[in-house]
Structures are given as structure tokens and as C-alpha cells.
Amino acid sequence: MLDATRSPLHPAARDTLLAALDAGWADPRRLHREARQARHLLDRARESIATSIGARPDEVSFHPSGAHALRVGVAGLRHPRRRTAERLVTSAVDRAVLLHEAHEADPASVPLPVDRLARISPETLGMALATGPTALVALQHANGEVGTVQPVAALHDVCREASVPLLLDGTASLGRIATPGSWDALVGDAATVAGPPVGVLAVRTGARFDLPGPRWEPEHGREVEDPWVPLVLAAAEAWQQALHAQAAEEASALTLTERIRAAAAAVPDVEVVGDPDDRLPHVVTFSALYVDGESIVDALDQRGVAVASGSACTSSRLEPSHVLAAMGALTHGNVRVTLPLEAVRPERADDVERLCRELPAVVADLRARLGVGDL
């Protein structure tokens, strides 16, 4: 299984979830004993995750998903600045939810261009902010499709110089690599570390944050209802397990993805994309000329290898990836590998070897059917 954008729960997170079904089921806003226990467990989970991402507990809120947390973060940071600016600046390789929010704010807006590695230039951001009032900059920590890590500290410096807050999307990276410290708001997703799909939003103390509409009590006023405590406890446990194993996991994953990159690059007319060095350790994307990605995915699946194709944000539609298009890379014949954590899939090294063994024959066979062969 080499498509772990969503993966089975970490064993420890699963055990925590099952235990929490009995210990943390109650409404944490009630006053009876079971509710107080649920509130205590929720507070402990918040403290645990806040420490993991370098935030304070009172800065952290929980949401139904990473995408939902991104939308809440965008809305809460833009609304207080609405009288002076509406524009949301994001990049051409960011998640579709951010591109949509930017278009909604200004249909004429153009996302920041990126280089051939999918990297955002601080100079490009600076020029964009100089063109007019901006309410918010929302950018990714690392690209979940090609793995490239962004120069977050330099990008944040540009935002501070322009007095514009930076919302950092860490939904592909938090728990997999070191958490950056340069942000005004940070979003993560426990699913990235084999937890349940629980979105996390941290907003720095002092950042102007105010959501439009009625004021709710749960999650610092950021949600209509309190989160389900068992899910949050499982998310916190998954995060802790990932951080405990992060150094060894990162080294192991890098070795495996280097193996995939080398095997893919050895196949004629296959392009491996993204930064070869400064990248997520568990993500590899490559594209094969003359064949389509869906055919490669199907052929590999028949040989017992599960991978993905299309965009990480729109993979169900198997449309050409907006990330690859923005990079100027080959957009068809695309395959994306996202390694699960070793704790979730102990046999992942065997999966990688099978992929590397089967890939050349799969590509050659598909090309032969089309009558193009390896050129």
C-alpha cells in the first residue's frame, strides 16, 4: 500500500480510540462526572498537540478535517481586515481549497507562480504584496503532491515586512518533518500521521482573528459544536507516536523514496518531479510519457501495488494536476506515491521493491499497446 494520503489508524491511535469510547463519550460542556472527565481528556489532548506543533493550548482548535480548518483559518484572519483589504494571496501549487478561497475573494486574482521544483520565491511574494492591499497570505509548508518544502522563514519575513498575516498549510507535513516556527496561523491534519481526519488550527496570540456571523462557544468560537472527544484523543496519540519515531521514520522513508526515484528515473522517458533533496521524506511523484496515469495505476494494482494518480487534491477525478501544470512538468502518465508510516505498514519496504520491480514492465507494456514503445 503506497497511497497513504489516508491510511489505517496507527495501532496506538486505534487502541486509544477504542478506550476513549468508554472514557470520553460525554459532552464536555455538561457538569456531571462523565462530562468533566471528557473535558479533562479533551484538555489533555489539546495540550499534547499544542506542544507538538509549538503552540499554546489556548491557540489550538479542532475541526472536522484539515480542509475545514483551512477555510476557518482563512475566514477568521480575513474578516478583521475586511475594511482595508479583501485579497487572499496563495500560490499556483497550493491546495484547491485555498485556490477556491482566493478566487472567491477576487475572481481576477492570479496565484503566485512557482519554479520547476514547485518552490515559491520570497521575491515573487514581495512583488505581489507590493501591488496592493492584501488581507492574508496562505501558503503551504510542503507540497503534498511532489514533496517540495517551501522557504517558510523567508516567506514569513516578507509577510511581516508588509504587515500581512501568514496562514501556513501543514496538512501534508506536520508530524512527518520538523514543524516550522514561522507562521501566524498553522493548519494540520491528524490523518497525515495515521490518525483520524481531525483538523487542527493554531492561531498565534496577538494575531487578529474574528469569524463572520454569530459567536459560538466551542473551540474558542471557531466551531458550532465541540469535537467528539474520542477522535481528538486518537489524533493526539497518533501525533505523539509520529513525533516519537520521527527521526527514524524520516531516515527510513527517505531511503525508500530514493529507491523509487532512482527506479522511476531509470525507465525511459519518465520524469521524476519535485526537489530531490529539500522535500517530504514520504512523497514521490513521477510522470511517464505516452501513457496515462489511470492506466499505470490500474496495471500496478493488478500486480498488487497500490499507488495514486492525478492531483493530490482532485485525485478522484483524475484530472491533470494543477501542481504539475504550474511547475511546467509533464502532466499525463502521472503516478504519486505516499508512503504510510512503518508502524502502520511494516511491510512497506517490500511494497516499494515490488513497485520498483514491476514499474518498467508496466510502462513498457502500456506503451507497446499504444504502438509507441520506449523512444
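1. A residue is called buried when its relative accessible area is under 20%, exposed when it is over 50%, and partly exposed in between. By this rule arginine 39, with a relative accessible area of 23%, is partly exposed, whereas aspartate 226, with a relative accessible area of 18%, counts as buried. Please keep in mind that this is a predicted model.

2. These two residues also belong together in another way, for the side chains of aspartate 226 and arginine 39 meet in a salt bridge, with 3.9 Å from N to O. The pair links distant parts of the chain, since aspartate 226 is in the loop between α7 and α8 while arginine 39 is in helix α2 (residues 33-53), 187 residues apart. The structure holds 20 salt bridges, and, as a general point, side chains of opposite charge can pair when their charged atoms come close.

3. Most residues other than glycine have a negative phi. Serine 163 also has a positive phi, near 55°, and is found in the loop between α6 (152-161) and β4 (166-169), where serine 163 is exposed, with a relative accessible area of 54%.

4. Which residue forms a salt bridge with arginine 119? The partner is aspartate 275, and the closest N and O atoms are 2.8 Å apart. Arginine 119 is in the loop between α4 (96-105) and α5 (122-129), and aspartate 275 is in the loop between β7 (270-273) and β8 (283-288), 156 residues apart. Arginine 119 is buried at 17% relative accessible area, and aspartate 275 counts as buried at 8%.

5. On the packing of helices, α10 (residues 293-302) and α12 (residues 348-370) meet at an angle of about 130°, with their axes 10 Å apart. That angle makes α10 oblique to α12, and the crossing of the two helices is right-handed.

6. At the surface, Leu18, Leu21, Trp228 and Leu231 form a nonpolar patch, with about 340 Å² of accessible area together. Among them, leucine 231 has its place in helix α8 (residues 229-244).

Conventions:
Residues are numbered from 1 along each chain as its sequence is written. This is a predicted model: local features need pLDDT of at least 70, side-chain atom pairs count only at pLDDT 80 or more; totals for chains, interfaces and linings use all residues. Side-chain values use heavy atoms; hydrogens and water are left out. Patches are made of residues with over 30% relative accessible area and no salt bridge: like charges are joined within 9 Å, nonpolar side chains (Val, Leu, Ile, Met, Phe, Trp, Tyr) within 5 Å. Accessible areas come from the Shrake-Rupley method with a 1.4 Å probe; for residues, only the protein chains shown count as cover. A salt bridge is a side-chain nitrogen of Lys or Arg within 4 Å of a carboxyl oxygen of Asp or Glu. Helices (H or I, at least four residues) and strands (E, at least two) are DSSP runs, numbered from the N terminus. Axes are lines fitted to C-alpha atoms, for helices over the stretch in contact, and angles run from 0 to 180 degrees between N-to-C directions. Angles under 35 degrees count as roughly parallel, over 145 as roughly antiparallel, 65 to 115 as roughly perpendicular and the rest as oblique. A crossing is left-handed if the near helix is turned anticlockwise from the far one by less than a right angle, and right-handed if clockwise. Buried means under 20% relative accessible area, exposed over 50%, partly exposed in between (1.4 Å probe, protein chains only).
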